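This report concerns a predicted model. It treats a sheet, a helix pair and a pocket in turn.

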Amino acid sequence: MALRDLASVPYLPFLSLRPAEMRALQELPDRTKDHLLPLVHLRPWTTALQLQSALDRLNEAYGPRPTVIAVGAAEGSGSKPVHVDLARLRHKGSGYANWCDFIAKPGHEHFIPAVQLEAFDEVDQQVTCFYELGRGIVVVVPKAAYAALGAIATKIGLLTNGGVDTCFVLDEEYVANDPLERAVFVVNHCRNIRQSCPVASIAISGSSFPDNFKSVTAKLILERLLFDEVASKIGTWGMIYSDRGSARYERQKGGGGQPAPRIDYPLPYDWRFYRSDLDGFDGYAEQARMLLRAQPSVFDPALRIWGTLMIERTAGGDSSAIKTPARSTAVRINIHLQRQTFINDPASLYDTEDDWKGG
């Protein structure tokens with residue numbers, strides 16, 4: 001029996017081990033943490049030298065709940081111990097033996113492993129190892145590997161009895177402005193998976209979060225529209241919504257100066273953006289007040305979670321609330337995670353009993 005019934009998971013967000021995303025996750029109500037299932041790519045934690053620092057921060061944010069763990073892509077050519085450790089986990093030899101050993105390590109019993117696919121001939125031993133652990137298996141298929149999807153699904157179906165306790169994730173990466181058109185192709189990919197893995201779950205992931213806000217005040221969540229269209233054709237059983245937690249598909253590089261103060265407010269199917277020409281906290285406070293004046297058409301005062309409290313405190317002049325781009329990002333992700341977890345369960349969206357006093 002897997003650590004989670006994958007077919008019943010409502011939301012599988014990709015989250016990065018970065019400060020804003022970990023803070024957003026940490027500040028969710030416990031009930032929300034219990035319902036969603038994050039997929040976390042391992043990477044260095046800020047400037048820490050050891051990989052254990054990243055694992056400690058994830059534990060602080062999410063505790064020992066079941067968590068899908070993947071190996072993140074190499075970031076530069078760093079020579080710190082953490083970079084060496086991550087390179088070892090990506091090593092393809094002996095059926096990704098280092099990765100299998102890491103997942104099976106004492107203290108990692110709550111990790112649900114993501115399969116590494118780069119070396120196709122090394123997949124059998126890796127999947128067999130993970131299947132024997134009995135925690136569940138996640139197979140993230142990037143767009144570049146869609147052409148091999150039939151072969152991947154056939155191999156994994158044979159090793160998992162048709163996809164028992166297995167979830168395939170079709171990673172659409174950046175979702176462009178044609179979700180309904182794109183859904184035709186994704187439906188075919190899902191049917192391809194189900195031919196070899198009829199009992200596997202399938203998640204569809206991606207991000208359409210913008211990288212320019214100069215003339216943008218609202219943006220549809222295209223990955224949500226794509227998922228809903230595919231699920232309407234395939235059926236909802238075993239279909240899991242996934243995204244980047246409202247982060248961009250590709251991270252912005254440094255440079256260009258400090259961005260203008262901006263508060264983003266997630267709704268179920270779109271984001272609203274409040275961007276100020278003022279500098280510093282004054283800009284955040286101005287836009288927070290503007291957002292609050294938009295209730296109830298935009299801001300929902302009945303949603304009592306950390307992110308909404310930060311907006312209210314900022315509007316009230318509390319300069320310890322939203323004062324930096326990182327804090328604003330954490331607020332947006334926190335609200336987005338809450339909404340998407342309970343998008344099909346509106347009553348539970350508001351069932352937040354935690355006492356939000358943190359800064």
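## Sheet, helix packing and pocket

Phe14 has Leu39 of strand E2 as its bridge partner. Strands E1 and E2 (residues 39-42) pair in the parallel sense, over 3 bridges. Both belong to an open sheet of 4 strands with parallel pairing, in the order E1-E2-E3-E4. E1 (14-16) and E4 (111-113) stand at the edges with a single partner strand each, so one side of each is left without a neighbour in the sheet. On average, and with direction ignored, neighbouring strands of this sheet are turned by 40° against each other.

Helix H1 (residues 19-26) packs with helix H3 (residues 51-62) at an angle of about 30°, and their axes are 7 Å apart. The two helices H1 and H3 are therefore roughly parallel to each other. On the H1 side the contact is made by Met22, Arg23, Leu25 and Gln26, and on the H3 side by Arg57, Leu58, Glu60, Ala61 and Tyr62.

The second largest pocket holds about 320 Å³ of space. Its lining consists of 20 residues, with Val9, Pro10, Phe227, Met239 and Asn344 nearest the pocket centre. Helix H9 (222-234), strand E9 (239-241) and helix H12 (325-341) are the elements that give two or more residues to this lining. H9 supplies the largest share of the lining, 4 residues.

The table gives the composition by class.

Note on methods
Residues are numbered from 1 along each chain as its sequence is written. This is a predicted model: local features need pLDDT of at least 70, side-chain atom pairs count only at pLDDT 80 or more; totals for chains, interfaces and linings use all residues. Side-chain values use heavy atoms; hydrogens and water are left out. Axes are lines fitted to C-alpha atoms, for helices over the stretch in contact, and angles run from 0 to 180 degrees between N-to-C directions. Angles under 35 degrees count as roughly parallel, over 145 as roughly antiparallel, 65 to 115 as roughly perpendicular and the rest as oblique. Contact means heavy atoms within 4.5 Å. Two strands pair if DSSP finds at least two bridges between them. On a 1 Å grid over the protein atoms alone, a cavity is a set of points where a 1.4 Å probe fits but cannot get out, and a pocket is an open set with protein on both sides within 12 Å along at least five of seven lines; lining residues have an atom within 4 Å of a point. Grid points are joined across faces, edges and corners, and a volume is the space filled by probe spheres set on the points.
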